[in-house]
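Please look over the sequence and the structure below before reading on. The report then goes through the fold part by part.

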Amino acid sequence: MGVTTSFEPAKDIPSLEGKVILVTGGNAGLGKQTITYLAAHSPARIYLAARTASKASAAIADIRAAVPSACEIIHLPLDLTSFSSIAAAAQTFKARESRLDILINNAGVMACPYSLTKEGYEIQFGTNHMGHALLTKLLLPVLLETAAQDGADVRIVNITSMGHMMAPSGGILWDQAALEKQNTWRRYGQSKLANILFTRELAARYPQITSVSIHPGVIITDLYQSLRQNFFLKMGMWVYALLFPVLPGHFKDTRGGALNQTWAATVGKEKLQNGGFYKPVGVLAQGSTYGRDMGLAKKLWEWTEAELEKYGY
Ligand SMILES: NC(=O)c1ccc[n+]([C@@H]2O[C@H](COP(=O)([O-])OP(=O)(O)OC[C@H]3O[C@@H](n4cnc5c(N)ncnc54)[C@H](OP(=O)(O)O)[C@@H]3O)[C@@H](O)[C@H]2O)c1
């Protein structure tokens, strides 16, 4: 464990001139704030990947109001619960761009009732892991082409959570029907453990790209929507709102919550351990025993590949 890195986006983000950036879940919460931070530092373009067009255009208007000098920000339609939507998003991106410097796989859902994605994966595992795994796979050719250019510095930042500690016994339950018997937090834990393992294997297979996973901290965003349905949890969140200023790793709002992923996307690459898992801000962390299990990482990679291949990807 290290000491929290001081990071002030306005002064610490270097010039991003010429870089093309893609952020999933950019229409709300941490993704939107991350784009707000990055847009002020002159990248060529930022793709705000999101499934709800009206929320995406409202987010772009808000970001422009906050950062009048913002670079071009383009809504890329993307629904991570559908492989065909992901493939269309990757195709649209590749038709427009010949480089991708920073991919931030940020979108996510948490504590949802059991349901399945279009291809039949548990909704949290399917959205948070399978969807991003396919998107990353389809964007890898352009990421690798960019990495091969002189002076390139290509990053993949995957947003995980300390919630990965809640993964079920064994780490990953492959049988999606068996996941119905696990409570929603264990299912979320599995999806976030998968984000850490996927990142470790990505770094091992593609060392020319810097891939890290990060826990953003705890920040009340729309992610906590399902908790607000329950009176006691709602009261708990109210009490929490009074306590958060004294809790380490807890942030009042998305300005604090987006720091770690923005740091990971822009800090000098010599400061990052490829495949590493970081707590806020910039603290290399161990995570759970499952999260360090390279045998499990390899198994998850191979299982995911086999699943994607079943659908022709
Ligand atoms: N907030 C925290 O305390 C916390 C803690 C640990 C980890 N995280 C992680 O941080 C990331 C961002 O969370 P947040 O707090 O910013 O939550 P948020 O405000 O709820 O934002 C989540 C984003 O993901 C998008 N999304 C959800 N399902 C999607 C799908 N099927 N296709 C495309 N986009 C989808 C949402 O889009 P829509 O608006 O269209 O639904 C939204 O833009 C997540 O990966 C989460 O697990 C957050």
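How many bridges join β2 to β3? There are 6 bridges, and the two strands run parallel. This is a predicted model, and the sections below describe the surroundings of that pair and then the rest of the protein.

## Overall form

The secondary structure of the protein comes to 10 helices and 8 strands. The C-alpha trace spans about 50 × 50 × 40 Å along its principal axes. A compact globule of 313 residues would have a radius of gyration near 20 Å, and the 18 Å of the protein agrees with this.

Of the 313 residues, 47% are buried. Among the contacts with a separation of 6 or more, 74% are between residues 24 or more positions apart.

## The sheet

The 8 strands of an open sheet are arranged in the order β3-β2-β1-β4-β5-β6-β7-β8, and their pairing is mixed. At the edges stand β3 (72–77) and β8 (283–285); each has a single partner strand, so one side of each is left without a neighbour in the sheet. On average, neighbouring strands of this sheet are turned by 25° against each other, direction ignored.

β1 and β2 pair in the parallel sense over 5 bridges, with V23 having L48 as its bridge partner in β2.

Together, β1, α2 and β2 form a right-handed β-α-β unit.

Helix α3 (residues 53–66) lies across β2 and β3 and runs at about 165° to β3. A right-handed β-α-β unit is also made by β2, α3 and β3. Strand β2 belongs to both units and is mostly covered, with 5 of its 6 residues buried.

In soluble globular proteins, nonpolar side chains tend to be buried together. Here the largest nonpolar core has 79 residues, and those with the most contacts inside it are L22, I46, L48, A49, I73 and A264. Helix α5 (residues 123–147) gives the most to this core, with 9 residues.

Which residues does L48 contact, leaving aside its neighbours within four places in sequence? They are V23, G26, N27, I35, A56, A59, I60, I73, I74, H75 and L76. V23 in this list is also the residue whose bridge partner in β2 is L48.

A264 lies in helix α9, where L259, N260, Q261, T262, W263, A264, A265 and T266 are buried. With 8 of its 8 residues buried, α9 (residues 259–266) is largely enclosed by the rest of the structure.

## Around F277

F277 lies in strand β7 (residues 277–279).

Not counting residues up to four places away in sequence, F277 touches T160, I196, S213, A285, G287 and G291. H132 is 145 residues from F277 in sequence and 17 Å from it in space, C-alpha to C-alpha.

## Backbone details in loops

A cis peptide bond joins P280 and V281, with omega about -20°. V281 is found in the loop between β7 and β8.

Two residues other than glycine have a positive phi: S42, with a value near 60°, and A111, with a value near 60°. S42 is placed in the loop between α2 and β2 and is partly exposed, with 16 other C-beta atoms within 10 Å. A111 is found in the loop between β4 and α5. A111 is partly exposed, with 18 other C-beta atoms within 10 Å.

Terms used
Residues are numbered from 1 along each chain as its sequence is written. This is a predicted model: local features need pLDDT of at least 70, side-chain atom pairs count only at pLDDT 80 or more; totals for chains, interfaces and linings use all residues. A nonpolar core is a set of buried Ala, Val, Leu, Ile, Met, Phe, Trp, Tyr and Cys residues joined through C-beta atoms within 7 Å. A residue is buried if 20 or more other C-beta atoms lie within 10 Å of its own, exposed if 12 or fewer, and partly exposed in between; C-beta atoms are placed from the backbone. Helices (H or I, at least four residues) and strands (E, at least two) are DSSP runs, numbered from the N terminus. Two residues are in contact if their C-beta atoms, placed from the backbone, lie within 7 Å. The radius of gyration is taken over C-alpha atoms; the globule rule is 2.2 Å times the number of residues to the power 0.38. Two strands pair if DSSP finds at least two bridges between them. Axes are lines fitted to C-alpha atoms, for helices over the stretch in contact, and angles run from 0 to 180 degrees between N-to-C directions. A crossover is right-handed if, with the strands pointing away from the viewer, the path from the first strand over the helix to the second runs clockwise.
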